[in-house]
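Have a look at the sequence and the structure first.

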Amino acid sequence: MVTSPKPLAVCVFCSSSGTIDRRYVDLAAQAGAELARRGHSLVSGGAQVSCMGAVARAARAGGARTVGVIPEGLVSVEISDEDNDELIVTPDMRTRKGEMDRRSDAFLVLPGGIGTLEELFEVWTARVLAMHAKPVVILDPTGVYDPLRELMRGLTEQGFARAKIWDAIGWTDSVPEAFDLLERSQPRIEFSPEDYAETQL
């Protein structure tokens, strides 16, 4: 095991879908193994299925502590992972996200669906608004999020988003680089109300 200068509680947002290509489940397992190798702990969605299950199993196999957070309405649907060192059942999705955020030092986003996107945008927006200084990194080796990247570039060009959104996130196609970015000191993002004021015509 390689221990980083500061062990992190890394929150991994990823898919619970059973219909995705196996390579995404394998990617989640690789991320879990690398997390453990570097001496970090895992915070995840608390399910056994798909990528969520894969990242937790690989992390535990490498000796990492894992914490799962799952809403009670999804316990039977996503099948809660009882092998977590700690399994927290919340009343709803909003409470789940808040608990995951509270327990995490950094956020790693793998390919996923609308739930993963919701989680991504919440922590990304909060980072841009200087509501937290935790690293946010997208790991996307196959280009699933390329259309999202182009959308955000277009929104920036048209003035709907500020250029500082790119200071608030890392983007990589490499598992080791993803963790390098998570472990790196983050740029300070200053909140300026003028940044978000409407253009004066």
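Keep in mind that this is a predicted model. Start at Leu108, and leave aside residues up to four places away in sequence: Leu108 touches Val10, Cys11, Val12, Phe13, Ala31, Val137, Leu139, Ala178, Phe179 and Leu182.

Now zoom out to the core around this residue. The largest nonpolar core has 31 residues, and Val12 and Leu108 are the ones that touch the most other members. At least two residues of this core come from each of strand S1 (9–13), helix H1 (22–37), helix H2 (50–61), S5, S6 and helix H7 (175–183). H1 gives the largest share, with 7 residues. There is also a second, separate core of 25 residues, and Phe13, Trp124, Val128 and Ile165 are among its members.

Next, follow the strands. Strand S5 (residues 106–109) runs parallel to S6, and 3 bridges pair them. Leu108 has Val137 in S6 as its bridge partner. To get from S5 to S6, the chain passes through helix H5 (residues 114–128), making a right-handed β-α-β crossover.

Finally, are the faces of strand S6 (residues 136–139) covered or open? Both are covered: Val136 and Ile138 are buried on one side, and Val137 and Leu139 are buried on the other.

Methods. Residues are numbered from 1 along each chain as its sequence is written. This is a predicted model: local features need pLDDT of at least 70, side-chain atom pairs count only at pLDDT 80 or more; totals for chains, interfaces and linings use all residues. Side-chain values use heavy atoms; hydrogens and water are left out. Buried means under 20% relative accessible area, exposed over 50%, partly exposed in between (1.4 Å probe, protein chains only). Helices (H or I, at least four residues) and strands (E, at least two) are DSSP runs, numbered from the N terminus. Two strands pair if DSSP finds at least two bridges between them. A crossover is right-handed if, with the strands pointing away from the viewer, the path from the first strand over the helix to the second runs clockwise. A nonpolar core is a set of buried Ala, Val, Leu, Ile, Met, Phe, Trp, Tyr and Cys residues joined through side-chain atoms within 4.5 Å. Contact means heavy atoms within 4.5 Å.
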